[in-house]
Each structure stands twice: as C-alpha cells, then as structure tokens.
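Dear colleague,

I am passing on the structure we spoke of, together with some notes on what was found in it. Please have it open while you read.

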Amino acid sequence: LAAHLFAQPFTSGLPHPQRARDFATYTPRELLPGGNVFADPTEADPVAVLDACAFVARVLLKNGHALETLPMLSLAQFVASQVSKDAVAMASASAYKARACAQCNLIGDAVVLVLDVHHGRNLPDILPLNRPPVGQSGLQNPVTVAYHDAAAPSDAANQEALQAVATLELVPGLLALFPPAVQLLLRMARIEILLAPCSQADERPHPDPA
C-alpha cells in the first residue's frame, strides 16, 4: 500500500509512465504540474520521503514485491537529484532500484543503474571529482557495456557486461563520499545482478517436456 501511495504523483497530468515496469530507468525531471510540493518542508519533507522510500523498498524487496517498488524509487531518485541535491541518497535509491530490476529479471536496466552510480552519472553535480566537459554527465573514461535481456546470458556481449559488473569498483572520490551502508547496498545490487541469469535459466521451458 505504501508503495502505491508513493506512486500516486505519477498519475498527474504530466506524461509519466503508467506501467511499473517502465519506471526501471525512468527518473522524472518534474513531478507535478504547477508549484513545488516540497517548497514547504512542513507539508512534504524531502528527508522524510527519502527515508520512508528506503524503508519500504527494504521490506518489499525482502518479501518478493520488487516490481511494486519501481515507481516509488523513481520518486526517491527525483527527490534526491532535483530537490535535496543529495548524491548519497541518489546512489542509495539507484542501488535499491537496481536490486528491484535484478529481481524482476530486468538485468539490462539493472546493469545501467549500477554502472551509472559507479561512474558518477546522474548524481547531483556537486562532487569534487574529475568532471567531464560541460553538457556531459559522470566521470571521465566510463565503462560502456550493455546487457541485452532478449539474448541468452551466454551471449558474448552479455558476458562482457556481467564481467564489468563483477569487477566494478568505486573511484576514491565516491568511495570517500558514500557511507558503508550505501557501499554495501551497491555490492548487494551487483551480487543480485550476477545471480539473476541463473534464475532466468530455471524459468526457460524444458526442451523435451514430459
């Protein structure tokens, strides 16, 4: 119920996705038409919203309701990136969303999310790191791989993407910025991504059904 309530802002007149699956890599730039709902912290406190989203995400992911978390985590990403300008909160929301995508077998989207965090892409641009030229996002020289959900996990491109996830490391600037809890969350996301193809294999029909 909490996840559905947090998703209600996306039912406004703006062209937000309407299917939960479509929120996998969606982060809105605007939430509601008109005024800023977070202008008065006594009405909508960004920190309270982020804390509540993180708590609900933990409970739902633990109990097998990953798909329901995706719209709510898009809200958390919006609040972290556009309202509070909090790179740590944005990384946390993205890591939770990567875990949710992995549990939903949206492995390609999960790979994109963890790569973005590790390369500093889409984080609030307030980090004292080696930033790219104006108009670009993230750190320089990022790893560029993609996992294709329509292909088999054994596909060469997919194997390359999984290998990139397995060897990901935070650069020193992000390592100093992210607290241990967020670093652990990112490691958990990477582990779930690497395990997800195994669960996909179990769901494929038997080639010679009885």
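The accessible surface of the protein comes to about 11000 Å², and carbon and sulfur atoms hold 58% of it (Shrake-Rupley method, 1.4 Å probe, with only the protein chains shown counting as cover for residues). Please bear in mind that this is a predicted model, in which local features need pLDDT of at least 70 and side-chain atom pairs count only at pLDDT 80 or more, while totals for chains, interfaces and linings use all residues. Residues are numbered from 1 along each chain as its sequence is written, and side-chain values use heavy atoms, with hydrogens and water left out.

The protein has 8 helices and 0 strands (DSSP runs numbered from the N terminus, helices being H or I of at least four residues and strands E of at least two). Of its 210 residues, 46% are buried (under 20% relative accessible area, with exposed meaning over 50% and partly exposed in between, using a 1.4 Å probe and protein chains only). Among contacts (heavy atoms within 4.5 Å) with a separation of 6 or more, 61% join residues 24 or more positions apart.

Helix α3 covers residues 66–83 and reaches 25 Å from its first C-alpha to its last, close to the 26 Å expected (1.5 Å times one less than its number of residues). A kink of about 30 degrees is centred on Met72 in α3, the bend being the angle between axes fitted to the seven residues ending at a residue and the seven starting there. Because 14 of its 18 residues are buried, α3 is largely enclosed by the rest of the structure. Just after α3, Lys85 takes a positive phi of about 55 degrees.

In helix α6 (residues 156–166), Glu160 is partly exposed, with a relative accessible area of 49%, and its C-alpha atom is separated by 8.2 Å from that of Ala146, 14 residues away along the chain. Asn158, also placed in α6, counts as buried because its relative accessibility is 0%. Leaving aside neighbours within four places in sequence, Asn158 is in contact with residues including Ala146, Tyr147 and His148.

With my regards
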